[in-house]
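Visitor: I would like a close look at one part of this model, with its surroundings described in order. Please keep to what can be read from the coordinates.

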Amino acid sequence: MTDERYRVQSLGRAFDLIDRIAEAGPEGARLTDLARDIGLSKPAAYAILATLRARGLVVDFGEGMTRRYRLGLSFVRLGDRAVANTGLGDVAMPVLRELTQEVGLTSRVAMLDDGFAVVIGRVDGPGAIRFAAALGRREAPHCSGVGKLLLAAMPRPEALAILDRVGHERRTPSTLDTLEALATDFDRIAERHYALDDEEDVEGIICVAAGVFGHGGKAVGAISVTTLKQFLPTESVPSVVEPLLRHADRISEALGGPPAARAWTALKRAGSGE
């Protein structure tokens with residue numbers, strides 16, 4: 001709604017104050033500076049801040065002239081609820097359509113369910129090629145791009161436990177079917193930020209996947225592009241990696257998560273105990 005008649009000015013000022021406090025970071029912002037930046041008198045700014053503070057949206061610390069304001073923990077609760085109410089598929093589908101238009105390949109979004117990769121959305125690429133994978137079908141995590149990406153993004157013991165439970169049998173001559181080989185591949189995925197299914201699930205099919213990270217930096221899903229190997233030989237994979245990662249980061253941002261580079265760095269540090 002853009003009609004000025006329906007806008008509540010005092011509420012708009014409150015959100016302006018919240019934005020300025022957020023920009024100030026953990027050091028907080030002084031009442032004098034906030035009032036000046038928003039164009040309010042100090043009493044008016046203080047009244048709004050007092051209301052926000054009563055709701056837990058703002059906290060204050062310090063005394064007298066040193067008193068400062070910063071965001072309260074209520075925003076954490078609200079952020080968690082916002083993410084929970086936003087479906088991965090709903091956020092991802094518009095981005096997948098743009099990704100497919102840009103690279104000309106079929107794109108998919110998937111999440112891990114009981115150890116298996118499950119595709120919840122797909123946008124077919126142009127042309128006559130259609131991949132038969134039905135939405136909701138479980139895919140073996142050790143030989144699909146999205147599955148390997150999601151396993152690589154979790155603690156190694158947890159990933160290996162899943163593989164022990166669901167199996168890691170050879171599907172094609174290119175399938176990585178030992179825990180040692182898969183662990184090495186997970187390390188490679190963490191370093192380069194994408195996973196590759198190079199004819200490991202189905203001969204003649206290649207898939208490149210990137211992670212989608214939610215609030216807290218946990219991988220909540222993955223997106224991928226898929227095509228025939230003859231159209232995307234291994235040496236040409238880097239040509240689709242940049243747009244794939246860029247679009248994955250857009251979905252992560254919409255879900256309140258970090259970009260891939262920051263997420264993988266944090267996961268690596270957590271795994272090493274730093």
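Visitor: Over which ring does the charged end of Arg192 sit? Please go on from there to the aromatic pair and the core around it.

Guide: The model is a predicted one. The charged end of Arg192 sits over the ring of Tyr194, at 4.5 Å from the centre of that ring. A further case of a charge over a ring involves Arg70, which lies over the face of Phe61, 4.3 Å from the ring centre.

Now the aromatic pair. The structure holds one such pair. Its members are Phe213 and Trp264, arranged edge-to-face, with 5.8 Å centre to centre and 85° between the planes. The pair links distant parts of the chain: Phe213 belongs to strand β8 (residues 205–213) and Trp264 to helix α10 (residues 260–272), 51 residues apart. Both Phe213 and Trp264 are buried.

In general, nonpolar side chains of soluble globular proteins tend to be buried together. Leaving out residues up to four places away in sequence, Ile251 touches Leu88, Val91, Ala92, Val95, Val212 and Ile223.

Helix α9 (residues 238–254) contains Ala248. The relative accessibility of Ala248 is 0%, so this residue counts as buried. With neighbours within four places in sequence set aside, Ala248 is in contact with Ala210, Gly211, Val212 and Ile223. From Ala248 to Phe213 the C-alpha to C-alpha distance is 8.5 Å, while the two are 35 residues apart in sequence.

That leaves the setting of Phe61. Three strands make up an open, antiparallel sheet in the order β1-β3-β2. β1 (29–30) and β2 (58–61) each have a single partner strand and stand at the edges, so one side of each is left without a neighbour in the sheet. Strand β3 (residues 68–71) pairs with β2 in the antiparallel sense over four bridges. Within β3, Arg68 is the bridge partner of Phe61. Helix α1 (residues 9–24) packs on this sheet and touches β1, β2 and β3, with its direction at about 95° to that of β3.

Methods
Residues are numbered from 1 along each chain as its sequence is written. This is a predicted model: local features need pLDDT of at least 70, side-chain atom pairs count only at pLDDT 80 or more; totals for chains, interfaces and linings use all residues. Side-chain values use heavy atoms; hydrogens and water are left out. Two strands pair if DSSP finds at least two bridges between them. Helices (H or I, at least four residues) and strands (E, at least two) are DSSP runs, numbered from the N terminus. Contact means heavy atoms within 4.5 Å. Axes are lines fitted to C-alpha atoms, for helices over the stretch in contact, and angles run from 0 to 180 degrees between N-to-C directions. Rings of Phe, Tyr and Trp (its six-membered ring) pair if their centres lie within 6.5 Å; planes under 30 degrees apart count as stacked, over 60 as edge-to-face and the rest as tilted. Buried means under 20% relative accessible area, exposed over 50%, partly exposed in between (1.4 Å probe, protein chains only). A charge sits over a ring if NZ of Lys or CZ of Arg is within 6 Å of the ring centre and within 35 degrees of the ring normal.
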